[in-house]
Amino acid sequence: MDRPIRSGYCGSKHALHGFFDVLRMEHEKDHIKVTLVAPGFVQTNIAKNALVGDGSARGYEDDDNANGLTTTDFARKMIKAIEKERFEAYMGGKEVLGIYLKRFFPKLLHKIVLKNSAKK
């Protein structure tokens, strides 16, 4: 497999879901609203600057990120979700479908991710 599935990155994302859920509950009495924003692919240099096994920068960007939401579009959607006081906001393109596949059809998502990872 040429393209890593990024276990460390994914693990930190899952941890944030739990953290934000509890943070929201802990501060309900304080009238503090918490929105977890889960972006899909956004046109940033995150993959390019990601570290590989030897600690060096990866050095190139994924096509998925390069073709993702612009940072301006992402920021507008994020602000709208926060203003609406959403608990969670998923934004992006077809990759957002993965969230629902994971919830309702986890084996199907597993197969799709492995198939697409092998292609790249």
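**Exercise 1. State the accessible surface of the protein chain and describe its overall make-up.**

Solution. The accessible surface of the protein chain is about 8900 Å², and 60% of this belongs to carbon and sulfur atoms. The model is a predicted one. Next comes burial: 18% of the 120 residues of the protein chain count as buried. For the dimensions, take the C-alpha trace along its principal axes, which spans about 50 × 35 × 30 Å.

**Exercise 2. List the helices and strands of the protein chain in order.**

Solution. Begin with the totals: six helices and two strands. Then read from the N terminus, where the order of elements is α-β-α-α-α-β-α-α. Last, consider contacts between residues at least 6 apart in sequence: 54% of them join residues at least 24 apart.

**Exercise 3. Describe the aromatic pairs of the structure.**

Solution. A pair of aromatic rings is described by the distance of the centres and the angle of the planes. The structure contains two such pairs. F19 and F20 are edge-to-face, with 5.9 Å from centre to centre and 75° between the planes. Y90 and Y100 are also edge-to-face, at 6.3 Å centre to centre and 80° between the planes. This pair links distant parts of the chain, since Y90 lies in strand β2 and Y100 in helix α5 (residues 97-104), 10 residues apart.

**Exercise 4. Decide whether Y90 and Y100 are buried, partly exposed or exposed.**

Solution. The cut-offs are under 20% relative accessible area for buried and over 50% for exposed, with partly exposed in between. Y90 has 22% relative accessibility, so Y90 is partly exposed. Y100 has a relative accessible area of 37%, so Y100 is partly exposed.

**Exercise 5. Which rings have the charged end of R24 or R58 over them?**

Solution. Start with R24: its charged end sits over the ring of F87, 4.2 Å from the ring's centre. Then turn to R58, which lies over the face of Y60 at 4.0 Å from the ring centre.

Note on methods
Residues are numbered from 1 along each chain as its sequence is written. This is a predicted model: local features need pLDDT of at least 70, side-chain atom pairs count only at pLDDT 80 or more; totals for chains, interfaces and linings use all residues. Side-chain values use heavy atoms; hydrogens and water are left out. Rings of Phe, Tyr and Trp (its six-membered ring) pair if their centres lie within 6.5 Å; planes under 30 degrees apart count as stacked, over 60 as edge-to-face and the rest as tilted. Helices (H or I, at least four residues) and strands (E, at least two) are DSSP runs, numbered from the N terminus. Buried means under 20% relative accessible area, exposed over 50%, partly exposed in between (1.4 Å probe, protein chains only). A charge sits over a ring if NZ of Lys or CZ of Arg is within 6 Å of the ring centre and within 35 degrees of the ring normal. Contact means heavy atoms within 4.5 Å. Accessible areas come from the Shrake-Rupley method with a 1.4 Å probe; for residues, only the protein chains shown count as cover.
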